[in-house]
Amino acid sequence: MSSPHVTETTDTARYAPSSGPLAGGGAAPAEQSAYDAGLLVLRLALGLTMAAHGSQKLFGWFSGGGIDGTAQFFASSGYPSAKTMAVVAGLTETLGGLGLVLGLLTPLAGAAVFGTLLNALAVKWGGGFFAPQGVEYELLLLVGVAALTLTGPGRLAADRVLPLPSPHRLTHGAAALVLGALVAGAVLLARS
C-alpha cells in the first residue's frame with residue numbers, strides 16, 4: 001500500500017522545473033522545455049509591452065508624448081522634476097522591458113518594471129477596475145511581472161550564460177520585488 005506522501009512527491013517532481021524556485025526532483029525534458037517556452041512567451045509579452053511604453057515616453061514612438069508630453073503628464077500628476085521623471089520612467093520601462101525580453105539580470109529588470117507599475121497604479125487608482133479609467137491593465141502587468149520575477153526567466157535566457165554566483169532563486173525574486181516597491185514608495189512620497 002502506498003503512502004499519499006509518495007504520490008504527492010512524485011506529482012511535484014513530475015511538474016516542477018529542474019532549476020529555479022520550483023525545483024523539486026527534476027522534470028522530464030519535454031516538461032522542462034514547455035516550462036521554459038512558457039516563461040519565454042511571458043517575458044516577450046511583458047517585456048515588449050513595457051519597452052514600447054518606455055519608447056513612447058522617450059522618443060514619442062507609437063503615438064507617445066515623448067519627453068515633453070510625458071513631463072506634462074507627470075507635472076499634472078503631482079510629480080516634482082517632471083522632465084527628469086519622464087526620462088527616468090522612459091528609461092526604466094525601456095531597459096527593464098528589454099531586460100525581461102532577453103532574460104538579462106531578470107530580478108533587477110523585474111524590480112524596475114514592478115516599481116514603475118506600482119507608480120502607475122497609484123496614479124490611476126480611484127478610477128475603478130475596468131479600463132479605460134480603471135487599473136485592470138496595470139494590475140495585470142504588475143502581477144505578471146511579479147510572477148516572472150519570483151519564478152525566474154527559465155533556461156532560454158541570457159541569465160543562463162552570465163557568470164552569476166548562483167541560479168535564480170525565490171529569494172532573489174522576492175528581494176527584487178521589495179527593492180522595486182521601496183523605490184516606488186520613495187518616488188510616491190515625493191509626489192504632491
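Predicted model: local features only at pLDDT ≥ 70, side-chain atom pairs only at ≥ 80, totals over all residues.
Visitor: Is T106 buried or exposed?

Guide: Welcome! T106 has its place in helix α5; helices (H or I, at least four residues) and strands (E, at least two) are DSSP runs numbered from the N terminus. Buried means under 20% relative accessible area, exposed over 50% and partly exposed in between, with a 1.4 Å probe and protein chains only. T106 has a relative accessible area of 0%, so T106 is buried.

Visitor: Leaving aside neighbours within four places in sequence, which residues is T106 in contact with?

Guide: Residues are numbered from 1 along each chain as its sequence is written, and side-chain values use heavy atoms, with hydrogens and water left out. Contact means heavy atoms within 4.5 Å. With neighbours within four places in sequence set aside, the contacts of T106 are L100, P153 and D159.

Visitor: And which helices do the buried residues of α5 pack against?

Guide: α5 has 19 residues and reaches 26 Å from its first C-alpha to its last, close to the 27 Å expected at 1.5 Å a residue (the expected span is 1.5 Å times one less than the number of residues). Its buried residues include T106, P107, G110, F114 and L121. Those buried residues pack against α2, α4, α6 and α7.

Visitor: How many helices and strands does the chain have?

Guide: Reading along the sequence gives the pattern α-α-α-α-α-α-α. Of the 192 residues of the chain, 36% count as buried. Among contacts between residues at least 6 apart in sequence, 60% join residues at least 24 apart. The secondary structure comes to seven helices and zero strands.

Visitor: How much space lies in the largest pocket?

Guide: Rolling a probe the size of a water molecule over the atoms shows where empty space is left. On a 1 Å grid over the protein atoms alone, a cavity is a set of points where a 1.4 Å probe fits but cannot get out, while a pocket is an open set with protein on both sides within 12 Å along at least five of seven lines; lining residues have an atom within 4 Å of a point. Grid points are joined across faces, edges and corners, and a volume is the space filled by probe spheres set on the points. For the largest pocket, that space is about 810 Å³.

Visitor: Which of its 33 lining residues are the closest to the centre of the largest pocket?

Guide: The lining divides into 18 nonpolar, eleven polar and four charged residues. Here Ala, Val, Leu, Ile, Met, Phe, Trp, Tyr, Cys and Pro count as nonpolar, Asp, Glu, Lys and Arg as charged, and the others, Gly among them, as polar. α5 gives the most to this lining, with nine residues. Of the 33 lining residues, the closest to the pocket's centre are K57, F74, E93, T116 and A120.

Visitor: Which residues does a cis peptide bond join?

Guide: Look in the loop between α5 and α6, where P132 has its place. Just after α5, G126 takes a positive phi of about 105°. The cis peptide bond, with omega about 10°, joins A131 and P132.

Visitor: What is the phi of F62?

Guide: F62 is found in the loop between α2 and α3, and F62 counts as exposed because its relative accessibility is 57%. Phi of F62 is positive, in a residue other than glycine, and is near 55°.

Visitor: And what is the phi of S81?

Guide: S81 lies in the loop between α3 and α4. With a relative accessible area of 53%, S81 is exposed. Its phi is also a positive value in a residue other than glycine, near 45°.

Visitor: Leaving aside neighbours within four places in sequence, which residues is Y137 in contact with?

Guide: Y137 lies in helix α6 and, at 37% relative accessibility, counts as partly exposed. Its C-alpha is separated by 9.4 Å from that of L121, 16 residues apart along the chain. With neighbours within four places in sequence left aside, Y137 is in contact with T49 and H53.
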